[in-house]
Amino acid sequence: MQYELFQQMKQAVIDGDPDRARELCQAAIVQGICPLDAIQHGFVPGINFVGQQFEAGEMFLPDLVLAGEAMKAATSALEPEIQKTGAARESLGKVVLGTVKGDIHEIGKTLVGTMLTANGFEVFDLGVDVPFETFALKAKEIHADIIGVSALLTTTMTGQKDVVEAVARLGLRPRVKIIVGGAPVTQSWADEIGADGYGKDALASVALARNLLKKPGETQVR
Amino acid sequence: MLPNLQLLDADLLERILLEAFTLIWQRGVTVQSPEARDLLAAAGAQVEKEIVRIPELLARSSIESVPREFQLHNRAGEPVVKYGGDSVQFDPGSSCVHILDPETLQHRLTQSVDLVRLVQVAEMLPQYAAQSTAVVCNEVPKEIGDLYRLFLVLWYSNKPIVTGAFSPHSAPAMIELLVADSGSHDALRQKPRAIFDVCPSPPLYMSEFAAQNLIDLARAWVPAEIISMPLSGAAAPVTLAGTVVQHAAECISAITIHQLAQPGAPVVWGGAPAIFDMRSGITPMGAIETVMLNLASAQVAKSFGLPTHGYLIGSDAKCLDAQAGQESGIAAIMGALGGINMISGAGMLDSLACHSVEKLVLDAESIAMAQRLLQGIQPRTESLALEMFTKAGAQGDFLKIPETRKYFRAEQHLPSKVIDRGSLHSWEQSGKRDTFTRAREQVKELVAAHKRPAISPLVENNLRFIVTDHAKRAGMTELPGI
């Protein structure tokens with residue numbers, strides 16, 4: 001029964017159906033299923049499946065975006081229950097995310113947030129058109145481990161460099177890692193501006209974040 | 001008879017306009033500049049916080065006051081670029097951050113020397129009616145990057161220039177530079193040499209800078225070119241028709257702000273509309289749908305009789321391979337058939353991120369084909385063939401008759417050495433060189449043959465003085481590239 005429900009949850013995310021996801025959350029609550037289990041064993045396998053299919057070229061950005069919407073609907077529907085039970089998800093680390101100043105494109109950045117959240121990171125999404133210093137100040141305030149900076153335009157990607165500099169000015173480097181992404185961004189660009197990493201898509205950001213935060217001796221995650 | 005390709009039938013065109021006007025009135029446009037909002041409100045638009053709802057009547061009267069045609073001038077003051085009607089002209093793409101290094105084949109950060117080479121080559125190729133401020137000079141401090149690019153182009157070129165400002169502070173300095181180049185404000189207004197691209201942010205969002213830039217350019221009578229860039233499926237509706245609606249709505253709102261600031265000032269309905277690749281998240285400039293969006297948007301502008309611009313000929317390829325030739329060549333032909341007044345984008349690779357001087361040379365050949373196509377088939381001789389048959393005699397030896405010598409240059413585009421039409425034997429003899437290798441050699445020849453324009457010492461001093469002043473304040477100790 002529980003297995004069946006988890007399968008349906010996975011499918012709701014794959015279908016990109018937020019309404020169905022919310023329904024299934026209600027069913028889980030009624031049945032007394034631990035909300036963290038519902039997320040971990042129901043919804044997360046769905047978003048990871050979509051992420052893998054996307055990486056394989058079998059699914060496309062609209063699939064990934066809608067799966068993210070279903071994922072978000074599920075987590076917010078279960079949030080009150082999680083609060084009630086006092087359970088807490090183990091956090092892999094804190095990530096400050098945003099699209100750089102002058103750029104109002106949020107799809108890529110939001111997908112990264114969805115994938116990171118689904119995989120156990122605490123994500124603080126600053127939104128779009130975020131001033132360089134704001135990334136640094138927020139990271140300082142919440143003791144972030146990673147800052148993710150998105151840019152879709154060749155004209156705004158130079159702002160990623162400004163964020164790296166702003167973070168350095170606050171003395172947060174090299175403890176706080178900076179990762180960059182966006183259509184025009186490349187690994188060599190990340191190297192040039194002194195960022196710690198670049199992910200080619202939302203799924204890649206998960207492995208990237210894990211690798212950056214792994215303790216000495218732990219093995220690399222692909 | 002000039003070919004004229006129209007993708008929208010009358011009914012669809014009408015529906016597009018209806019929805020565009022509905023969009024700017026019912027949904028409204030975000031306008032960040034308080035001055036632009038005040039202008040719009042005073043003219044009857046409804047303003048609520050940053051959202052401005054523009055009535056169709058106001059928008060239409062603004063469109064009405066736009067000049068239907070105007071010219072850009074070269075250094076000698078000759079009108080060599082015509083905006084309006086079905087004229088078709090080309091300029092290199094703008095604002096790349098990378099250049100394809102012809103020796104290492106790496107995409108590396110652009111510097112002043114790269115801009116200079118691009119300008120030199122574009123100057124030597126008649127296919128380019130105008131120059132562009134093609135790349136960002138990464139060694140120049142960002143706050144004067146736009147000014148410095150314009151300076152370098154003025155320094156090395158006689159042609160008109162498609163440019164743009166990066167920030168509200170630099171536009172006045174760039175206009176000051178153009179005034180120095182023209183000799184006076186009046187001379188610049190009478191014979192503008194440059195046009196400024198202004199970019200609304202999709203969807204339906206005018207940043208403070210974009211809106212202010214439109215106002216400043218209009219009041220200075222410096223031509224402005226609206227670069228609306230909806231991305232189908234990401235920052236615009238997924239359907240091509242829906243994207244054209246948004247493009248129209250963005251252009252119409254920008255024109256309204258522009259014309260309210262200064263009725264009659266020159267402005268162009270332009271843009272870089274593109275689809276959004278659902279696999280890579282990039283904006284594929286070589287996609288046929290991107291070409292179709294540019295054609296349809298120009299057709300909408302032409303229905304008002306407005307001057308047009310499009311962004312084509314850029315490729316998504318990373319080097320000068322078959323993909324680059326295919327995408328750019330098709331787009332050049334299609335853009336020309338659409339009668340787009342200024343087609344920007346030649347030389348660009350990697351979805352507009354990377355420039356290549358070699359590609360500029362190759363694209364010039366596609367453009368030459370497009371230009372030849374536009375000349376169409378003309379009856380150059382009184383009898384089309386009969387008389388030539390008589391002269392050629394029983395053997396039919398047409399190479400010998402005077403008409404052949406007289407007309408072959410007009411009838412046939414003679415490609416540069418980039419295009420190989422030689423024999424297999426000569427190709428093998430010359431080391432089986434491919435397109436890229438031939439383009440690389442052509443670039444070297446063109447750069448070597450380029451001569452800096454003769455600029456009067458007074459103008460040259462003024463240009464240098466203005467830039468030195470700004471460069472010093474930005475912390476520069478020398479002027480790279482000159």
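Predicted model: local features only at pLDDT ≥ 70, side-chain atom pairs only at ≥ 80, totals over all residues.
So, what do the buried residues of H1(B) pack against? Residues are numbered from 1 along each chain as its sequence is written, while chains are lettered from A and ligands numbered from 1 in the order in which they are written.

Okay, the helix. H1 of chain B runs over residues 10–27, 18 residues in total, and it reaches 25 Å from first C-alpha to last, close to the expected 26 Å. That expected span is 1.5 Å times one less than the number of residues. Helices here are DSSP runs of H or I with at least four residues, strands are runs of E with at least two, and both are numbered from the N terminus.

Its buried residues are B:Ile16, B:Leu17, B:Ala20, B:Phe21, B:Leu23 and B:Ile24. Look down the axis of H1(B) and they fall within an arc of 150 degrees, so they line one face of the helix. The arc uses the directions from the helix axis to the C-beta atoms. Buried means 20 or more other C-beta atoms within 10 Å of the residue's own, exposed means 12 or fewer, and partly exposed is in between, with C-beta atoms placed from the backbone. On the face turned away from the buried side you'll find the exposed B:Asp11, B:Glu14, B:Leu18 and B:Gln26.

Now the answer: in chain B, those buried residues pack against strand S1 (29–31) and helices H3 (56–64), H9 (240–261) and H10 (288–304). Contact here means C-beta atoms, placed from the backbone, within 7 Å. And just after H1(B), B:Gly28 takes a positive phi of about 85 degrees.

Next up, a sheet. Chain B has an open one of four strands, ordered S8-S7-S20-S19, with mixed pairing. S8 (107–109) and S19 (348–349) of chain B stand at the edges with a single partner strand each, so one side of each has no neighbour in the sheet. Two strands pair if DSSP finds at least two bridges between them. S7 (98–100) of chain B and S8(B) pair in the antiparallel sense over three bridges, and B:His98 has B:Leu109 as its bridge partner in S8(B).

Last, chain A: the domain assignment, which is automatic or from a database, gives domain 1 (2–85) and domain 2 (94–213). Their centres, taken over C-alpha atoms, are 25 Å apart.

Note on methods:
Contact = placed C-beta atoms within 7 Å.
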